[in-house]
Amino acid sequence: MELLLQQVMAGLANGAIYACMALSVVMIFQAIDHLNFAQGEMAMFSTFIAWQLIAWGTPYWLAFAASIVLSFVAGVLIDRVLFRPVQKAPILSQLVAFIALFSILNSSAGQIWDYTIKTFPTPFGHTPLLGSLVDTHEAAMIGVTLLLLVLLYAFFRGTRLGLAMRAAAANPESARLVGVRVGWMTALGWGMAAAIGAVAGMLIAPVVFLEPNMMIGVLLYGFAGAVLGGLSSPAGAVIGGFAVGVLENLAGTFIPYVGQELKLSLALIMIVIVLMFRPSGLFGRSVVSRV
Amino acid sequence: MKHLTRRTILAAVPAAIALGVPFVSARAKDYGPGVTDKEIKLGNTGPYSGPASSYSPVPKSQVAYWKMINDQGGINGRMINFISYDDAYTPPKTVEIVRKLVEEDQVLLVASPLGTPTNSAIWHYMNEKKVPQMFVATGATKWDDPKGHPWTIGWQPNYQSEGRIYATYILKNKPDGKVGVLYQNDDFGKDYLKGVKDGLGDKASMVIVETSYETTDPTVDSQVVDMKAKGVDVFVNTAIPKFAAQAIRKAADIQWKPLHILSSIGNSVGATLKPAGLEYAKDLVSDFYLKDATDPKWKDDAGFKEWSAFMDKYIPDGDKTDAGYVAGSSLAATLAQVLKQCGDDLTRENVMKQAASLKDFTVPMLLPGIKANTSPTDFAPIKQVQMAKFDGQRWNLFGDLITGAVG
Amino acid sequence: MTTTIPKDDVAVAPAVPAERAVRVRLGPRHLIIAGFVVAAFVVPLLSSSFVTFQLTEVLIYGLAILGLNLLTGFNGQFSLGHSAFYGIGAYTAAILIHNYEVSYLWTLPAAGALCFVIGFLFGLPALRLQNLYLALATFALATAMPQILKFHALEGWTGGVQGLVVDQPEAPGFVPISDDQWLYYFTLIVMLVMFLCAEFLIHSRTGRAIMAIRDNPIAAAAMGINNSLYKTLTFGVSALYTGVAGALGALAIGFVAPDSFTIFLSISLLVGLVIGGVGSIPGCLFGGLFVLYVPNIANALSTGLAGAIYGVILLLVIFVMPAGAAGFVRIVVARISRWRQTSPEES
């Protein structure tokens, strides 16, 4: 029983990582109707920028803010410079452009900062909580993820800009007719996704250590979480992220014989089975197609 | 034209051996492919991109090392043309570029390709073509096979023998312990695990938890929690630095204090213990064959200073905490010695012969007392390691040099 | 990953519009193809054995990409899991040769049949999944495959993490060519046969049904097409093609290991598909060329930054040819014919 509790807590702590990432996956999905393969690498790069600033003596919160702002700008630029030209291209071609971006960011980070793991500071500390089941940073990570979720919810539901962004992603033609500047909305979506990615990266790095390949695995689980929860629902993505974390730990610990070696496969298979019964994810709206 | 030269050379080689070997071979001027009076061409592959790119310092530091050798006048007057390609750690790509090195670039030998699957993929080809596959950068056991694969030679102590050494240590210090092994789910992880279990012999049932991770896992927290809950009190941690550091920190977080044995893959002070927190790493036990460049105990050591000067000049922006730079330059230094011993007889046959006759050779970053030795029946140059215990600041070596049991 | 293939792929402009497929007449297109086939037979006689080996690999990747293309390009189902089918094909060949000493000739039908069955079975749950959700399911398959190949209970067969060495085919005594050339011609003939089959399939009644599902599943169902059956069958055939390619790959490389069949292989195949041209059969070979040679070019420019340069090349290619090589050729051909029509007096 104690093992179960501990594994659930460890799973929730990992799940917070995935939830963070899943949130930014859903964010860009809302803005541009795409999944972004390079999302994890963008977050990794943002985190490295913050790390570099801190290494040069910048105080933590200043570096934190600077990284978010820089990431936002970089996100907008990536949209304007790299994705504008392929906007009319078929979706699969855009996907390849994401793969290209992934490759560029990953390789450059390795060249600039090397592959050794770096410690990334956390303002929350690593004090054990709840009989050492989680520590303060992990608790803070869960808290920040939930806070981001609330803010996003308020933004998309409550502000004109948020509504305009949703309109631009859902139906660009109609949105344009009612005066929404669709191109800039997309760029804004990229910027916001990059900024959320930066926050996610800076929260994840203290746990997993910063290195160029840090996000490859996290992104995989983040996608899984986002898809499980439903891509149209930020809250679903967060719940999905936590669910993947817990599910994976329990599969690894309690399924005898195959568990540990195949735990990733088992977790993914379980997700696929869930999807077969809920084809739009646990909390997603099913899309009615028109003929 | 290319075909003609190659065929001529191929035809000439056996003739040269037949004539040259009975006499003093070192004096004769015999050249294999890729060798002229001015140049020796060597090939290399490594993971500059892809999932294993964190090992790229190994090939990078070899490139830099040969640049240094050339700046110092080359080897016996010949410059080294070191061609290094990216194989992205995918075996089919390794096969392709190694064929390119051998057939198009016409290198004398292929030096220290990195990785077990990648080297396995070219193993057969190299031996069929009779091209030296020198000092492979992997610790699998199979490279020491002079009879079956006379053109392939290993370098580092193999993972299985390291595993056995941990087992010996456990039997001596905690004979009734409950052992948990954390390993990477691939060739090197499973070799460590096998070594530990083989070493425990009849008492292999002491291992009550075998738990693996994938390199894509974000953390190994779950595995550590699991071990503590199951009452493990001897923790054999054979993870790479990132996961080794996570495990050390997590163990401290959950106030778990087993006898903690760290493998040589992840025992760097700078790359593993500092990120994990030095205070948590106290009393860890590990084994070494190379000097840890980040351990303050070596800062006045002549070998370390030499390596450090090399790094400052040739890889100024390289991160000295990365053990890959130490391994790569040491691999290249061993090969340089072989080429020196070859003199003017730079045929592939003689390269293998010289590689199989290293006598008490040492490179600057090998641990004091550890020497590379080979013979025609022994293709495992480095066999010794020494155990050490961490005191919170540095590793303290203890006991004698230990020779691995798997040959 | 993509959201909706059917809707947006109108922009892809399928190479073979469903209604124009019946009549076959000889045109410049056929002459060009015949030229390529002749060249493909002559090249290895003039090139070194290394280049022959590389071209063998190009053919193999081309075949694997064709498998993916049948599914994605013609049927509109998205897959990131084809590295798994490639791996199953390769391991089938390796296990048959290594453990049972079966002749390499028999490994191809075995690999194809096994992959067809597995692909078909995987196609069943895939029926319920669309777009991104299908992408995730296939992605799961690709990530799971290396883990399964390493799994300790299967080690007796798969060789576990150490992989298996495969005896490579040798040229029979009666033909005066090298082993590399033999393997090349063997691969070439297999590839040509399979490309022809794909061409016939696409131009058949079945092919039109497959494409109709891609273009508008609801309308296709309304016309009486059994969507489920055709979609799962396409999945099976697609896996068969990629599986045969995998078996050929095992013969060409002479070694299989779990690390050869990771998700990165799926991504390479996808890149090859897009660069060659979604929905174009000859484009697959161009994709094969890209998959094999572009990393080498990146490598030659800078080894340390190989990944970044590869990415930049990829971006440039997408900027220049957003619909892949096949789309690019179509645009060029269209321009030329328009230019001819508008200025006939010049010629």
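Two residues are in contact here if their C-beta atoms, placed from the backbone, lie within 7 Å. Keep in mind too that this is a predicted model.

## Where chains A and C touch

By that cut-off, 43 residues of chain C are in contact with 41 residues of chain A. On chain C, the elements that give two or more residues to this side are helices H1 (5-8), H6 (131-150), H10 (217-222), H12 (263-276) and H14 (306-320). H14(C) gives the most, with 10 residues.

What classes of residue make up the side of chain C that touches chain A? There are 31 nonpolar residues, along with 9 polar and 3 charged ones.

## Where chains A and B touch

Chain A also meets chain B, and this contact takes 36 residues from chain A and 29 residues from chain B. On the chain A side, the elements giving two or more residues are helix H1 (2-32), helix H4 (91-113), helix H8 (182-208), helix H9 (214-229) and helix H10 (234-254).

Which of these gives the most? That's H1(A), with 9 residues. Sorted by class, the side of chain A that touches chain B has 15 nonpolar, 16 polar and 5 charged residues.

## Chain B as a whole

Now for chain B on its own. It has 12 helices and 13 strands. Its radius of gyration is 22 Å, close to the 22 Å that the globule rule gives for 407 residues, so chain B is as compact as a globular protein of that length. Along its principal axes, the C-alpha trace of chain B spans about 70 × 45 × 40 Å.

How much of chain B is buried? Of its 407 residues, 60% count as buried. As for contacts in chain B with a separation of 6 or more, 70% of them come from residues 24 or more positions apart.

## The two domains of chain B

Chain B is divided into domain 1, covering 2-157 + 302-376, and domain 2, covering 159-288 + 386-403. Each domain is therefore listed as two stretches of the chain. Taken over C-alpha atoms, the centres of the two domains of chain B are separated by 32 Å.

The domains do touch: 13 residues of domain 1 of chain B are in contact with 14 residues of domain 2 of chain B. The domain 1 side of that contact divides into 7 nonpolar, 5 polar and 1 charged.

Notes: Residues are numbered from 1 along each chain as its sequence is written. Chains are lettered from A and ligands numbered from 1 in the order in which they are written. This is a predicted model: local features need pLDDT of at least 70, side-chain atom pairs count only at pLDDT 80 or more; totals for chains, interfaces and linings use all residues. Helices (H or I, at least four residues) and strands (E, at least two) are DSSP runs, numbered from the N terminus. The radius of gyration is taken over C-alpha atoms; the globule rule is 2.2 Å times the number of residues to the power 0.38. A residue is buried if 20 or more other C-beta atoms lie within 10 Å of its own, exposed if 12 or fewer, and partly exposed in between; C-beta atoms are placed from the backbone. Ala, Val, Leu, Ile, Met, Phe, Trp, Tyr, Cys and Pro count as nonpolar, Asp, Glu, Lys and Arg as charged, and the others, Gly among them, as polar.
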